[in-house]
Amino acid sequence: MKTDTAADVTSVNIYETSRATGESLRPAGSVAPETGAVQGLIRITLDASKRYQTIIGFGGALTESSAVNYQMMNEGMRETFLRGYFSTEGGHGYAFWRTHIHACDFSRGRYTYVDEGDVSLKSFSLDADRNTVLPLIKDAMAVADRPVSILASPWSPPAWMKSNGDMLRGGKLLPEHRQTWADYFVRYIESMGEEGIPIWGVTVQNEPDATQTWESCRYSAEEERDFVRDYLGPTLERAGLGDVRIVIWDHNRDLLLDRATIAYQDAEASQYIWGAGFHWYCGDFFENVQRLHDAYPEKHLIFTEGCQEGGPHTGAWELGERYGRSIINDLNRWCEGWLDWNILLDETGGPNHVGNLCSAPILYDRNTGQMLYQSSYAYLGHFSRFIEPGAVRIGCDVSHADLLATACENPDGSLAVVVMNHGEYDLDYTLEWMGRSYEITAPARGIQTLVTGLS
């Protein structure tokens, strides 16, 4: 690799994470353009004249489980944790966050913000989150040095609003409580605003096509459409909250196109819907993201949740690779924002009140008092640290099956190119940009971000 120690406006700076070295997000030098034509190498070709979606940002979910683990840390460790995720100075600079509207599986138990049967919502209060979720969000906001967008999602209405009388195990929202539930969204958004926490958007229901052992509620596509059209959309408008984005589906990619199409084909419902969110728990189905964009290019797409299921998977390299592969493929199919699930869990992958333990990019080991950074943390950083909110994805063509890549132009005109080599061997390639060629090596089972200076 030809390097130049004094990077100029035509250089490419490289940041790398490699399984072979075990080093994460390390500066790996800068590369100057070759003076002559380069022949015979794999090519990644950028075309800034091809412009696609604008990026909202990258981030994760600030859950009660994350808050509980955060509170176990000493003050110094909390500061390290917060800066590692939310600062742009040596941290990930997370600009897109998610949180839950009252309880979810990654809570310590079932709870809501109102008393049983209170249709008037006079008892509404965020007190159940006052010592956990709210302090975590506020501490993160104090460290964040760029504007953030916060998405809020319900896992279930209160039990008394549901057909099964239980926040767990599915059930449906009772017709007589549709307006009450829409009003509940308003009270939540307004109450969060009073706490100094602006809500950028809401999803209608987390995973509406699943009956889970934890908090869940089922909606057919028609029921979700009708709730938005007849209740949630008009209620937000009347409350002066029409700028809060409504995101439908919030479930897996497999049914993304079918579910969104039913809502978008209803003009009255569609006027209230900003876009669709999706998860990864059913397999890839990346083509459905592209197909939905092609069918409804005026609508937006965001990845609203993904994590490694089945425990913490401490030290597994495959965690990061799953993230990198998904983020690149989603971005290349018009996804505008990408949200990890819990930002912090304990060494078991919890707490979770129904035993649905999972991994997180940072684990807090309660036995040793240490933070354990997982490969997923590094892979996420290759996107969130270098692709800024407001960046625009540009043309990026790759000539080898073992390389995945995506490229964005940041608001200041610099480029960030993320290249992932999921093969077993290092690959030499040339980056072609504005008539210049840069010789670079992609490490086996690794990921790198290439950052250009201003041209």
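Biologist: Which residue lies over the face of Tyr52, and at what distance from the ring centre?

Modeller: Arg393 lies over the face of Tyr52, at 4.1 Å from the ring centre. A charge sits over a ring if NZ of Lys or CZ of Arg is within 6 Å of the ring centre and within 35 degrees of the ring normal. Arg78 lies over the face of Tyr70, at 5.1 Å from the ring centre.

Biologist: What kind of model is this, and what do the values use?

Modeller: This is a predicted model, in which local features need pLDDT of at least 70 and side-chain atom pairs count only at pLDDT 80 or more, while totals for chains, interfaces and linings use all residues. Residues are numbered from 1 along each chain as its sequence is written, and side-chain values use heavy atoms, with hydrogens and water left out.

Biologist: Turning to α5, how many residues does this helix have, and where does α5 bend?

Modeller: Helix α5 covers residues 221–238, which is 18 residues. Helices (H or I, at least four residues) and strands (E, at least two) are DSSP runs, numbered from the N terminus. A bend of about 45° occurs in α5 at Val228; the bend at a residue is the angle between axes fitted to the seven residues ending there and the seven starting there.

Biologist: Is Val228 buried or exposed?

Modeller: Val228 is one of the buried residues of α5, which also include Phe227 and Leu232. Buried means under 20% relative accessible area, exposed over 50%, and partly exposed in between, with a 1.4 Å probe and protein chains only.

Biologist: What comes just after α5?

Modeller: Just after α5, Gly240 takes a positive phi of about 75°.

Biologist: How many aromatic pairs are there?

Modeller: The count comes to 33 aromatic pairs. Rings of Phe, Tyr and Trp (its six-membered ring) pair if their centres lie within 6.5 Å; planes under 30 degrees apart count as stacked, over 60 as edge-to-face and the rest as tilted. Trp181 and Phe185 form an edge-to-face pair, 5.2 Å centre to centre with 70° between the planes. Both lie in helix α4, 4 residues apart.

Biologist: Why is the pair of Phe303 and Trp338 stacked?

Modeller: The ring centres of Phe303 and Trp338 are 4.1 Å apart and their planes are at 0°, so the pair is stacked. Phe303 lies in strand β10 and Trp338 in strand β11, so the pair ties together parts that are 35 residues apart in sequence.

How values were computed
Expected span 1.5 Å × (residues − 1).
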